[in-house]
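Biologist: I am new to this protein and would like to be taken through its strands with some care. Could we begin by looking at it together?

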Amino acid sequence: MKILLRLIAAACLGLAACGGSSAQPQTIELSVTDPPGEPKTVEVAVGTPVTIEITTATDDRAHLHGYELEMDTKAGEMATMSFTANMAGSYELESHVSNTIWLNLVVK
């Protein structure tokens, strides 16, 4: 039994060392004007820890589709959304107040 546990532990360590979450964290700074401009497009690798720092001109509610993350923003104050981009695809960060798209996040 001890040998089996050691083998499992070694396998887990090996998987982590071979590309688990070796992607460097990425911070995306997003400044939303009133009215909002064109959406920004940012590409990240699968497995990347992502932090989106959002500053809006008006109080709002941000929603990242696909990851189903939502948060309120206060005018002029930075709000932070953090997650690991673990699903390949294209995801929109949008306003739930004005229904405009602020960011297209492409995870490859």
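This is a predicted model: local features need pLDDT of at least 70, side-chain atom pairs count only at pLDDT 80 or more; totals for chains, interfaces and linings use all residues.

Modeller: Residues are numbered from 1 along each chain as its sequence is written, and side-chain values use heavy atoms, with hydrogens and water left out.

Biologist: Is Thr-27 buried, partly exposed or exposed?

Modeller: Thr-27 lies in strand β1, residues 26–32, where strands are DSSP runs of E of at least two residues, numbered from the N terminus. Buried means under 20% relative accessible area and exposed over 50%, with partly exposed in between (1.4 Å probe, protein chains only). Because its relative accessible area is 47%, Thr-27 counts as partly exposed.

Biologist: In which sense do β1 and strand β3 pair?

Modeller: Two strands pair if DSSP finds at least two bridges between them. Glu-29 has Glu-53 in β3 as its bridge partner. Strand β3 covers residues 48–56, and its 7 bridges with β1 make the pairing parallel.

Biologist: What is the order of the open sheet of 3 strands?

Modeller: The pairing in this open sheet is mixed, and its order is β1-β3-β6.

Biologist: Which residue is the bridge partner of Asp-60 in β5?

Modeller: Strand β4 (residues 60–64) has 4 of its 5 residues buried. It is joined to strand β5 (residues 69–73) by 5 bridges, and the two run antiparallel. The bridge partner of Asp-60 in β5 is Thr-73.
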